[in-house]
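Visitor: I am new to this structure. Please take me through one part of it closely.

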Amino acid sequence: MLLLIQYTLIFASVLILVALGGCFSEHSGVINIGLEGIMVMGALGGALMLRFLSPDLPAVVIILLVMLASIAVGMVYSLLLAVAAINFKADQTLVGTALNLLGTAAAVVVVRAINMAADPNNVSSTVSYIATKKALLVRIGGFEFNWFMLVALLALIISYVVLYKMRFGLRLQACGEHPQAADSVGINVQKMRYAGVLISGVLGGLGGIVYITAGVSEWKFENGVAGFGFLALAVMIFGQWKPVNIGLAALLFGMFRALSNVYNGFGALAALHIPSTVYNMLPYIISLIVLAFTSQKSRAPKAEGIPYDKGQR
């Protein structure tokens with residue numbers, strides 16, 4: 001049971017971070033389908049930082065540098081969506097899909113180039129970070145606490161405060177609901193939408209490094225992030241674009257994802273002899289069922305996905 005709680009919390013942390021990223025982007029009026037690609041690129045930045053850092057450094061330094069690397073790469077990568085969707089008014093769904101395809105391909109090329117530079121015979125897309133990963137973990141009895149769990153909780157609290165208690169968040173939401181009205185009172189819609197997309201890059205990049213360090217000490221980047229970016233979108237929609245609801249939804253989906261790691265520890269589940277692939281599919285099947293019953297009642301920001309035209313009223 002303790003292991004189930006541990007994995008539930010770490011997978012929920014991934015979903016919270018990435019879904020909050022999508023939440024900020026969509027509240028600004030830009031649909032971010034490219035969260036999957038942003039996660040991969042953020043994971044790449046963090047994994048390479050973990051690989052090249054000395055394990056002798058203080059744990060807090062390692063954690064901060066890894067977070068900064070993931071944030072920087074995720075934010076820069078999200079700029080591609082911001083420029084295409086905001087400046088060139090491109091179709092946001094198509095741009096997001098392209099980012100997802102490009103993210104995994106680019107990560108594989110970069111990692112293979114680095115591996116081959118060290119060893120010409122090594123053409124793998126794997127990054128190993130066995131020694132430095134220990135800095136992310138604290139053993140509390142039989143529970144393995146990951147510092148990223150605390151990061152996700154803080155992100156959830158800060159997101160709630162920013163969106164509902166601060167001027168910035170209220171202006172951001174205004175740009176996603178009625179950008180023309182927001183512009184008429186002096187709010188720069190383009191800047192706010194850039195801010196929303198860049199925040200999604202920050203949180204999506206963080207979510208990527210949390211995901212690949214959740215249970216393993218190396219990652220093969222040709223596997224991407226196994227659709228977790230899309231699962232985070234489902235969490236965001238199920239949570240009605242509200243941070244508190246997103247946190248609760250993430251715990252639910254995280255628990256189903258955790259079952260694929262620990263089901264052998266439950267006698268009743270192990271006795272069913274259900275293939276592990278079924279448990280791996282479970283969170284995605286649940287997301288389809290949940291969205292089928294709740295999507296009609298969803299209330300997305302009214303202007304999301306609609307390019308802003310300053311001359312339109």
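Visitor: At what angle do helix 10 and helix 11 pack, and how far apart are their axes?

Guide: Start with the ground rules. This is a predicted model, where local features need pLDDT of at least 70 and side-chain atom pairs count only at pLDDT 80 or more, while totals for chains, interfaces and linings use all residues. Residues are numbered from 1 along each chain as its sequence is written, and side-chain values use heavy atoms, without hydrogens or water.

First, the whole chain. It has 13 helices and four strands (DSSP runs numbered from the N terminus: H or I of at least four residues for helices, E of at least two for strands). Along its principal axes, the C-alpha trace spans about 60 × 50 × 35 Å.

Now your pair. Helix 10 covers residues 228–238, and helix 11 covers residues 243–262. They pack at an angle of about 135°, with their axes 8 Å apart (axes are lines fitted to C-alpha atoms, for helices over the stretch in contact; angles run from 0 to 180 degrees between N-to-C directions). That angle makes helix 10 oblique to helix 11 (under 35 degrees is roughly parallel, over 145 roughly antiparallel, 65 to 115 roughly perpendicular, the rest oblique). Their crossing is right-handed (the near helix is turned clockwise from the far one by less than a right angle).

Look at the contact itself (heavy atoms within 4.5 Å). Helix 10 brings F228, L231, V235, M236 and F238. Helix 11 answers with I246, A249, A250, L252, F253 and R257. Ten of these residues are nonpolar, none is polar and one is charged (Ala, Val, Leu, Ile, Met, Phe, Trp, Tyr, Cys and Pro are nonpolar; Asp, Glu, Lys and Arg are charged; the others, Gly among them, are polar).

Stay on helix 10 and turn to helix 2. The axes of helix 2 and helix 10 come within 7 Å and cross at roughly 125°. Helix 2 and helix 10 are therefore oblique to each other. This crossing, too, is right-handed. From helix 2 come L35, E36 and M39. They meet F228, G229, F230 and L233 of helix 10. By class, the contact of helix 2 with helix 10 has five nonpolar residues, one polar and one charged.

Follow helix 2 (residues 35–52) onward to helix 3 (residues 59–87). Their axes come within 7 Å and cross at roughly 145°. Here again helix 2 makes a right-handed crossing. On the helix 2 side, the contact includes G37, G42, G45 and G46, along with I38, M41, M49 and L50. On the helix 3 side, the contact residues include I62, L65, V66, A69, V73 and Y77. S70, G74 and S78 of helix 3 also belong to this contact. Its residues divide into ten nonpolar, seven polar and no charged.
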